[in-house]
2 protein chains.
Amino acid sequence: MARATIKTIAQKADLSVGTVSRALKDCSSVKDKTKERVRQIAEEIGYVRNLDGLRLRTGRTYSVAVVMTTPTTGSHEWEGVEYTNILNGIMGALRGTMYRAAIYPVDDFDSSFQEIRNIVEQRLADGIIISGTRPDDARISYMLEKDFPFVTYGMSEHFTPYSYVDANSQQMSYEATARLLRLGHTNIVTINPPDELMYSKQRQRGYLRALEDAGIKTPTDFIATGPLTPEFGKATVKALYNHNNKPTAYICANEASALGVLSAFHELGIEFGKDAIVNATDDINVSAYFTPPITTYYLPIEETSKALGEFIIRRIEGEPAQDLQRMVMPQLIERQDDRLKP
Amino acid sequence: MARATIKTIAQKADLSVGTVSRALKDCSSVKDKTKERVRQIAEEIGYVRNLDGLRLRTGRTYSVAVVMTTPTTGSHEWEGVEYTNILNGIMGALRGTMYRAAIYPVDDFDSSFQEIRNIVEQRLADGIIISGTRPDDARISYMLEKDFPFVTYGMSEHFTPYSYVDANSQQMSYEATARLLRLGHTNIVTINPPDELMYSKQRQRGYLRALEDAGIKTPTDFIATGPLTPEFGKATVKALYNHNNKPTAYICANEASALGVLSAFHELGIEFGKDAIVNATDDINVSAYFTPPITTYYLPIEETSKALGEFIIRRIEGEPAQDLQRMVMPQLIERQDDRLKP
DNA sequence: AGCAATAATTGAAACGTTTGTATTTTAGGA
DNA sequence: TCCTAAAATACAAACGTTTCAATTATTGCT
């Protein structure tokens, strides 16, 4: 039982393949009655378009490349579950369209750039989604220059408009810091992703601005940057344990690092709520089960990642990039009082 | 600058496209010197094979379908990070081959079956990887019947040999239970995935066998089955809190549910190490940072998931299924003493 | 009824491969 | 040198689509 092709339909309908092709794509040059008949037959014999033929002919790939650094490659550390969620969201958005997602796991910036060049040069995909953006991101410059459709998760500092989806890291960071200041904390440590990432920069800006507005100065080593693993969170706490100004609050960029902070508390005998507290941003609902549950900023990751999928398709279909930008504001979830008790 | 094709090479080398095609695939009917020349030119002009033409002609897709239930679809609960790791492993194994992975996220068993039928009937992939196997798994029967290459993550009770990769859940469960019995626990609760899954069955068997061997009976409600989320782990502890036989140990099927158990301990005032303890299997290195760190069985998930990728390719290329089976034994990591202190 | 304009359809080529068959080249003997 | 067998290459069709140009059918008007 060979697969039904457009030719099968043509035969059955006593039409030429060309007409059938047009009928199926609802072309205006074919009579309504004919279209109906063709669709009828197609349905009947369970015809589905062969993508390979389509691609070969049109030169389009109908696939979206998702170029993401895979957190767990190499390291055995948990860097959060974002990867999964993002993938899910993108695929959810693609479902029902003609597009498929092709995942390109990469290890670092350089190999992601390499992969992108490949994709663009050999037209391996119609559009690209990237994450881990940098302030001056060469990949973005490249794709802009090549006029290749793309959407970024996270922003950069390019002035040419491009399509992005992002959480408002700076404002969130500002508010988180301001809130803790209001609650009486003065020695606030912030745990951030590696320095070269845009959202690390944004977070640091928000943090510093809040301190500035409150007229408070903190030592520079209260800004920690590194891989957002539990290990790093733990190491940060340990490193600052004997600091002159003892930290009383930590703002972690994700739940994984916050878990590490809690682990350090436990190990060092730092009592939560008395000696220090922890907050996390980019919550994805794990920290509700930490011991103790911590205050977080919830990131609606299904929403952002779904937008990624939608945007890339609309971008591919020609919508201007400046219409495809979304900034979401994470939402505070107060699971603790976060004042220090005497 | 149009992409270089086989035709470009043919022109440059003054050969027919057919010969070039054969030369590139190292066919014995073409002279060595010619092959060399062709390769030289191909290299020079940066030729890469167009997959669409290849597919169209050969009818092969050179893609591997990964049909997995995506944990976070719908629910906001963390079900562990396995999904990511498995994907990574598979893609790692595929890297360098001609094959690409195509992810098919599904919600439940029925839709996964549906998706598989689709893939097989329309030859959307050359092989399929599935997980979430059941003792009598209709999807496996179907693919066996259609003689379609596949590899499962987890086993079933089919007698026809098929290719699989699995952790030895039963033995692990047996040993985990036996160990706790040796340490003096008698009221051991086991938290398992939903009943219909094969590895739930295996876990329960191992558990029961260990108790039997020790001549101990536990109430049937000490075997909990449900989604492996923190929420479920927490709910289980709460449900058994007022039980006649107070549980003193929990064996969780993953770290997510163990996190929930710890959370319940904290909330109910159950003191870890004094009132009760928790173990987890399928460790992927998160629980080292729990409060407190818990004893686990480490699953080398990169290894197993890499095997999935390797196996499906070898299966597609014709290796018999019975040569493509792997069972790995998770390794005990004792982070706690796990005896109850008075 | 005849004509022009338009609507609907057909034919054929093309996308980049692979592969079966036909053809040419080469090598080895006599 | 010529013939035969084997080796190397060329030719052409095919995979399933789309699309341009060409053809046929239909309509509206006088």
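## Basis of the model

Residues are numbered from 1 along each chain as its sequence is written, and chains are lettered from A in the order in which they are written. Because the model is predicted, local features need pLDDT of at least 70 and side-chain atom pairs count only at pLDDT 80 or more, whereas totals for chains, interfaces and linings use all residues; side-chain values use heavy atoms, without hydrogens and water.

## Two copies and their relation

Chain A is superposed on chain B by a rotation of 180 degrees with 0.0 Å of shift along the axis, and the RMSD is 0.0 Å. This is the relation of a two-fold axis.

## Domains of chain A

Chain A is divided into domain 1 (6-49), domain 2 (63-167 + 301-328) and domain 3 (169-299), with bounds from an automatic or database domain assignment. The C-alpha centres of domain 1 and domain 2 of chain A lie 36 Å apart.

An unreviewed UniProt entry lists residues 4-58 of chain A as "domain: HTH lacI-type"; such annotations may be inferred rather than shown by experiment. This span is 67% helix and 0% strand, and its end C-alpha atoms lie 20 Å apart. Helices (H or I, at least four residues) and strands (E, at least two) are DSSP runs, numbered from the N terminus.

## Parallel strands in chain A

Strand β1 (residues 63-69) of chain A has 6 of its 7 residues buried, where buried means under 20% relative accessible area with a 1.4 Å probe, counting protein chains only. β1(A) pairs with strand β2 (residues 100-106) of chain A in the parallel sense over 7 bridges; two strands pair if DSSP finds at least two bridges between them. Within this pairing, A:Val67 has A:Tyr104 as its bridge partner. β1(A) is also joined to β3(A) by 4 bridges, again in parallel, and A:Ala65 stands opposite A:Ile128.

Strand β3 (residues 127-131) of chain A runs parallel to β4(A), with 4 bridges between them. The chain passes from β3(A) through helix α7 (residues 138-146) to β4(A) in a right-handed β-α-β crossover: with the strands pointing away from the viewer, the path from the first strand over the helix to the second runs clockwise. A further 3 bridges join β4(A) to the parallel strand β5 (residues 163-167) of chain A. A:Tyr153 of β4(A) stands opposite A:Ser131 and opposite A:Val165 in β5(A).

In a regular strand the side chains alternate between the two faces of the sheet. In β4(A) (residues 150-153), A:Phe150 and A:Thr152 are buried on one side, and A:Val151 and A:Tyr153 are buried on the other.

Most residues other than glycine have a negative phi, and most peptide bonds are trans. The peptide bond from A:Thr291 to A:Pro292 is cis, with omega near -5 degrees. A:Pro292 lies in the loop between β9 (277-283) and β10 (295-298) of chain A.

In chain B, B:Tyr62 has a positive phi, near 50 degrees. B:Tyr62 lies in the loop between α4 (51-58) and β1 (63-69) of chain B and counts as buried because its relative accessibility is 13%. Phi of B:Asp338 is also positive, near 70 degrees. B:Asp338 is in the segment after β12 (331-333) of chain B, and its 2% relative accessibility means that B:Asp338 counts as buried.

Note on methods: Copies are superposed by least squares on the C-alpha atoms of residues with pLDDT of at least 70 in both. Buried means under 20% relative accessible area, exposed over 50%, partly exposed in between (1.4 Å probe, protein chains only).
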